[in-house]
Amino acid sequence: FGVVASLWLCVPAMAAGFLVRENSAEAVGLSYAGNGSRADGPDTVFSNPAGMTRLGSAAVELGSAVILPSATFSGGARQGGAPIAGNTGGDSGLAALIPDMYGVIPLGGGFVGGIAVTVPFGNANEYDKAWYGRYLGIKTAAQSADINPSLAYRINDTWSLGAGVSAQYLKLDITSA
């Protein structure tokens, strides 16, 4: 019964919404394994600021990911039992470029400074203005930026402390008929 129940409860994941995890080429390549403890590149500023003390020298990392989504609608719409005129809206997926930048610099006395600039949320979709669902939504677009300055201190060869502040900007654009 357990196997049958687990198969019945499993449904496919259709989307990740507007969350963007693609903020480091190396992390994507490792499927984010060990992201919270890894400290082998400047991207550690974002996920493990204490790890900046392990880098040993100033470093910069620049990267970007491209999102090429495709989303289509099939079906129709009714209001009060009567069909609504319109079309299927076309492919609503819009391409997006997701940049990231990390920098680390030793400050002396065991201190290391760093900054991360990422895009934690972003993406957009836009249907044709005459699509069946136009009264629910035509366009949804999210743009964000996260600036994360961090500071770390190396206590000894085993222990380091790190902290950062995350300042985010988010712009959301939603339209409907």
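This is a working chat about the predicted model shown above.

Student: Before we start, what kind of model is this, and how are residues numbered?

Tutor: The model is predicted, so local features need pLDDT of at least 70 and side-chain atom pairs count only at pLDDT 80 or more, while totals for chains, interfaces and linings use all residues. Residues are numbered from 1 along each chain as its sequence is written, and side-chain values use heavy atoms, with hydrogens and water left out.

Student: Okay. How many helices and strands?

Tutor: The protein has 3 helices and 9 strands. These are DSSP runs, numbered from the N terminus: helices are H or I with at least four residues, strands are E with at least two.

Student: In what pattern along the sequence?

Tutor: It reads α-α-α-β-β-β-β-β-β-β-β-β.

Student: What share of the residues is buried?

Tutor: Buried residues make up 32% of the 177 residues. Buried means under 20% relative accessible area, exposed over 50%, partly exposed in between, with a 1.4 Å probe and protein chains only.

Student: And the contacts? What share joins residues at least 24 apart?

Tutor: Among contacts between residues at least 6 apart in sequence, that share is 64%. Contact means heavy atoms within 4.5 Å.

Student: Let's go to the strands. Which way do β4 and β5 run, parallel or antiparallel?

Tutor: Antiparallel. Strand β4 covers residues 96-108 and β5 covers residues 111-118, with 7 bridges joining them. Two strands pair if DSSP finds at least two bridges between them.

Student: What sits between β4 and β5?

Tutor: They form a hairpin with 2 residues between them. G109 in that turn has a positive phi of about 65 degrees.

Student: Which other strand does β5 join?

Tutor: β5 is joined to β7, residues 139-154, by 8 bridges, and the two run antiparallel.

Student: Pick one residue there. What stands opposite V117 in β7?

Tutor: I147 does. V117 itself lies in strand β5.

Student: New topic. How many salt bridges are there?

Tutor: The count is 2. The rule asks for a side-chain nitrogen of Lys or Arg within 4 Å of a carboxyl oxygen of Asp or Glu.

Student: Which residue does K139 pair with?

Tutor: D173, at 3.5 Å, N to O. This pair links distant parts of the chain: K139 is in β7 and D173 is in β9, residues 167-175, 34 residues apart. K139 is partly exposed at 23%, and D173 is partly exposed at 30%.

Student: And which residue does D157 pair with?

Tutor: R154. Their closest N and O atoms are 3.8 Å apart. D157 counts as exposed, because its relative accessibility is 67%. R154 counts as partly exposed at 31%.

Student: Now pockets. How much space lies in the second largest pocket?

Tutor: About 170 Å³. On a 1 Å grid over the protein atoms alone, a pocket is an open set of points where a 1.4 Å probe fits, with protein on both sides within 12 Å along at least five of seven lines; lining residues have an atom within 4 Å of a point. Points are joined across faces, edges and corners, and the volume is the space filled by probe spheres set on them.

Student: Which residues lie nearest its centre?

Tutor: A96, G122, N123, A142 and Q143, out of 14 lining residues.

Student: Which strand gives the largest share of that lining?

Tutor: β7, with 4 residues. β4, β6 (122-126) and β7 each supply at least two.

Student: What about the backbone of N123, what is its phi?

Tutor: N123 has a positive phi of about 150 degrees although it is not a glycine. N123 lies in β6. N123 counts as buried, because its relative accessibility is 17%.
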